[in-house]
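Welcome, and thanks for taking a look at this one with me. Please have the sequence and the 3D view open side by side as you read.

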Amino acid sequence: MKCKAKCKAILMTIASALILMPSLSEASGISNPSIPIPSAEEASEADRLLQAGIQYFRAKQFESAFASWHKALDIYRQQSNRQGEKKVLEAFAKASKMLGQYQQAIDYSQQWLAFARKIGDRQTEADALGNLGNNYRLVGDYAKALDVQTQGLIIRKELNDRQGEEQVLESLGSIYYDLGNYDKAEALYRQSLTIAKTEGDNYGVVFLLNKLGLLAGINEDYKQAIAYYQQSLDIAKQELAKQELAKQKDFGEVAGNALNNIGSIYHIQHQYKEAIAYYEQALTIAKEIKNPRMEGTAVGGLGLAYVFLKNYNRALALQEQSWQLAKQIGDRRLEALTLSNWGYTLWRSQKYPEAEQKFLTALSLLESLRSDLSDSDKVSIFDTQLHAFNLLQQIMIAQGKPESALVIAERGRARAFAELLSHRLNSDSAPKSDQEKERFNSPILSLPSVSINDIRRIAQQQNAVLVEYSLITDPSFIGQGKLKGEYTKLYIWVIQPSGEIAFRQIELDSNFVELIVDIRSILNDPSEIAQNPKDVFEKYRQLKQLHNILIQPIQGLLPSDSDTRVIFLPQALLFLVPFAALINPQNQFLLERYTVQIAPAIQVLDLTHQIRQMAQRINFQEILIVGNPTMPSLGNPPIPLPTLLGAEKEAEAIAALLHTKFLKGNEATKVEVVAKMKTARFIHLATHGLLDEYRKGDIPGAIALAPSAQDNGFLTASEIIQMRLNAELVVLSACKTGQGLLTGDGVIGLSRSLITAGVPSVVVSLWAVPDEPTTLLMTTFYQKFLANPNKAQALRQAMLATKAKYPDPIAWAAFTLIGEAN
């Protein structure tokens, strides 16, 4: 495992100053002078209410503060007092963020932004965009954060607002930091630092030196990291001696964060006593300036340092203190982090029942953060919460509770997808008007996770063997960021149709990830296709190794009947594994012994089953087949995508089998195809599939169709997810249509969008397949499906027929069925 992943996790856990530290544009709170407090002589009733709200907020009487501001806003609007209205909207946006109510902060920031644009106030527009971008970052919606911060940067430059430009560059750098693009983050931080130095902004200088220090630590340049932190600390101490009280607090915060960060560097290097000394210095400053957030960071760092020194009693006392400080602040995310650290400490001290309770409480808090978010925001923030699910599974296994661990594994996967499907099932009709669309896109209510009885019921309902995998990471440290690190164990649960559940635990070698990366690299290169079985087995040694890891430990639990489906539920990188092509010690492919299917979660299987039942009630009979449309263009200058004559032949053959016509060339416009999709029972699209080459919206993936005067011809995954389809089956006979963005919620791409749109069964490809094998596989699939309407078995028979003529897995193993088989 690369140390960068370890460093990031430790830094974010021990002294997460850059997470807990506000951005430059957020360094001041409600007491910011940009919200002026009028004199008694000047104050109107609205002004007095505004001032009262500020005082309430400082006194932590938050409900009274918001009530006072609401009254002020009503009066300001009645008086058409634009300046007053602007101040109140700014107060709402900043206060909501400070309380950790990020979705509410986003809503108020959007109102603030809309108001600024309405009155043509460019400076206020830039301020609102900065606040909005910071909140999008906090909920993990990085695409929107980048978009609005970039808009703000343009305005700052237009206004020659150098300090504002400095703040936006820092915010952009922090987004790229969260995304793991450290080079881009560093470049933006350095640009911001240059402006801070030019403008004499010493606070900005020390703030940015702290951030550069964190990046140096991630890059394992510990000497440079400490140099940055020490430089930041020295400047902060100089400023503390000469600044007025208000500014002293700001520089005290930066000094404390620098000390915490220096402590984290020593912590990474296992120099725990040195780390403790710096955490204690940070703690002293935090208490002096009455900053509970910084105090909590220092106390939490001390607690984890004492864990590694095996002084568990001291560590536990500190973690409880850190949690109490988080409760005092009222930040649910911080409280969940401190509970996770507390639970981790209990786990290390082998107090498993107490550790379990702490993590269950932490998970409830983390899930509450997602309760009012949109689907894409849920996916983003879920990725920052995976460590808690991971460790809780280990705690359950340590207590001999594998079924409870399975429930947690399910709770930690495809949650946003399941909630989206449930929302679709409960909506009565497709959104037609803009108002209905707005209601449909509103935050989706949380869906209860499945219980162990639900899991047994779903296995019986599917009449299939379910195999759920969970990759377990090194628990030596945990972080608030995305789960990264070395996979050390593999948990496998096998659920029989009878409801019987078996558990296996596998130790993983350090080359496990490389095995998957290597095999996908081979499968993505169709230039050398093996022509005989001997060459195939020599070429794909990794498929044998993966079989030994993924299948061999559970071989005796799999069905003897090849018609009984085995539904694999992968996680993370395991979605990249071509399960059907795994090779056993007898040189048999898994496909030869089992009917293989893939699903992101057991609960999703239950929901796609319900979608299938709904589709049966509607009972459309139309068939839509598309092959080789007139291709849309990409690039600058725009160049049409290559024509696909093989796809046209494939579509023609399938249309003949199904006694229907197909669309090709200029007939297959996006407008025409979308219209027909809405009333089709079966949909087969043989065209180009795109992943990152063309992306519009939050979801990767697009299907190439013929352009028209109304559009450019690309049907995107973001558009599909908004449709209401009642098709029984969609086949995307195009390259890479099964790929997407790998997240804790599964693969985000075309297949997920189609299922969400109402399609219970989707056939997609994991890599590009040559024309002739694709045509053979697809025509055979429909022949078998017409004879026996079981999609999983039909696909297996088609793959076997293709394998008989083209033995290389490149030619036959790419296609997979996601969703319902019947």
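## The chain as a whole

Please keep in mind that this is a predicted model. The secondary structure of the protein chain amounts to 36 helices and 18 strands. Of its 822 residues, 61% are buried.

The contacts tell a story about sequence separation too. If you take the contacts between residues at least 6 apart in sequence, 71% of them join residues at least 24 apart.

## Helices 6 and 7

The crossing of helix 6 with helix 7 is left-handed.

Which residues meet where the two helices touch? From helix 6 come Tyr102, Ala105, Ile106, Ser109, Gln110, Trp112, Leu113, Ala116 and Arg117. On the helix 7 side they meet Thr124, Glu125, Asp127, Ala128, Leu129, Asn131, Leu132, Asn135, Tyr136 and Leu138. Sorted by class, this contact of helix 6 with helix 7 has 11 nonpolar, 5 polar and 3 charged residues.

Next, have a look at strand 2 (residues 487-495) and strand 3 (residues 501-507), which pair in the antiparallel sense over 7 bridges. Within this pairing, isoleucine 492 stands opposite arginine 504 in strand 3.

The hairpin has 5 residues between its strands. Glycine 499 in this hairpin takes a positive phi near 100 degrees.

Is serine 68 buried or exposed? You will find serine 68 in helix 4 (residues 62-78). With a relative accessible area of 5%, serine 68 falls under the 20% cut-off and so is buried. Apart from its neighbours within four places in sequence, serine 68 is in contact with Leu49, Ala52, Gly53 and Tyr56.

Asparagine 511 has another setting: the loop between strand 3 and helix 25 (512-523). Its relative accessibility is 31%, so asparagine 511 counts as partly exposed. Asparagine 511 and tyrosine 487 are 24 residues apart along the chain, and their C-alpha atoms are separated by 9.7 Å.

Terms used: Residues numbered from 1 in each chain as written. Predicted model: local features only at pLDDT ≥ 70, side-chain atom pairs only at ≥ 80, totals over all residues. Heavy atoms only, no water. Left-handed = near helix turned anticlockwise from the far one by under 90°. Helix = DSSP H or I, 4+ residues; strand = E, 2+ residues; numbered from the N terminus. Contact = heavy atoms within 4.5 Å. Nonpolar A, V, L, I, M, F, W, Y, C, P; charged D, E, K, R; others polar. Pairing = 2+ DSSP bridges. Buried < 20%, exposed > 50% of the residue type's maximum accessible area, 1.4 Å probe, protein only.
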